Amino acid sequence: MLTESTVTILKATAPAVKQHGELIAGRMYELLFSKYPQVKSLFAKAPQNQPQVLARAIITYCENVDNLDTLTGALDRISRKHVAIGVTADHYPLVGECLLQAIQDVLGAAATPEIMTSWKEAFFFLAGVMIQREKALATQNV
Ligand code: HEM
């Protein structure tokens, strides 16, 4: 589970992430596609508004971080899409690295080391939940 201080920091950061959500998501894709061009083909059929879709997902997570049960339905839908497209566990660290860098780039000095540590913890916590679900979906066809 996430620590109480991480939850507190994420909730406090939610308004800033909401304000800059699309910029953060746009920067994340820019970094992801330049550093790891091999993932680009996964997004070949993605809608034009994929950055906004990701931004909304990040914000929703941020706002519900202390009540993740409310996200189960949404996460299940995302995981089914990921499995259908071929997203695998080893893609998550790449996206995590670029998302964290994008948050740092967009929020600048406001993203203190403490805030960045909390985001890192939160991303990999969520990634763990999604990876587990996606592995189950891929192997059991549930
Ligand atoms: C915690 C991490 C992640 C979150 C919160 C997230 C969120 C989302 C959301 C909300 C969607 C849209 C689902 C829908 O259309 O119903 C999506 C789709 C997608 N995601 Fe993720 N994702 C994550 C990790 C990843 C990773 C690691 C990859 C691999 C590079 C990835 C690649 C994709 C692709 C290719 C699509 C489909 C785009 C399309 O064709 O519509 N995602 N994701």
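Does Lys 11 count as buried, partly exposed or exposed, and what is the relative accessibility behind that label — which of these applies? Lys 11 counts as partly exposed, at 36% relative accessibility, where buried means under 20% relative accessible area, exposed over 50% and partly exposed in between (1.4 Å probe, protein chains only). This is a predicted model, in which local features need pLDDT of at least 70, side-chain atom pairs count only at pLDDT 80 or more, and totals for chains, interfaces and linings use all residues. Residues are numbered from 1 along each chain as its sequence is written, and side-chain values use heavy atoms, with hydrogens and water left out.

The structure holds seven salt bridges, each defined as a side-chain nitrogen of Lys or Arg within 4 Å of a carboxyl oxygen of Asp or Glu. One of them joins Lys 11 to Asp 66, with an N to O distance of 3.3 Å. This pair links distant parts of the chain, 55 residues apart: Lys 11 sits in helix H1 (residues 4–35), and Asp 66 in the loop between helix H2 (50–63) and helix H3 (72–85). Helices here are DSSP runs (H or I, at least four residues), numbered from the N terminus. Asp 66 is also partly exposed, at 49% relative accessibility.

Helix H1 takes part in another such link, through Lys 35. The closest N and O atoms of Lys 35 and Glu 97 are 2.6 Å apart in a salt bridge. Glu 97 belongs to helix H4 (residues 92–107), and 62 residues separate the pair. Glu 97 has a relative accessible area of 32% and is partly exposed; Lys 35, at 41%, is partly exposed as well.

A further salt bridge brings together the side chains of Arg 133 and Asp 76 (2.6 Å, N to O). Arg 133 lies in helix H5 (residues 113–140) and Asp 76 in helix H3, 57 residues apart.

Key: Helix = DSSP H or I, 4+ residues; strand = E, 2+ residues; numbered from the N terminus.
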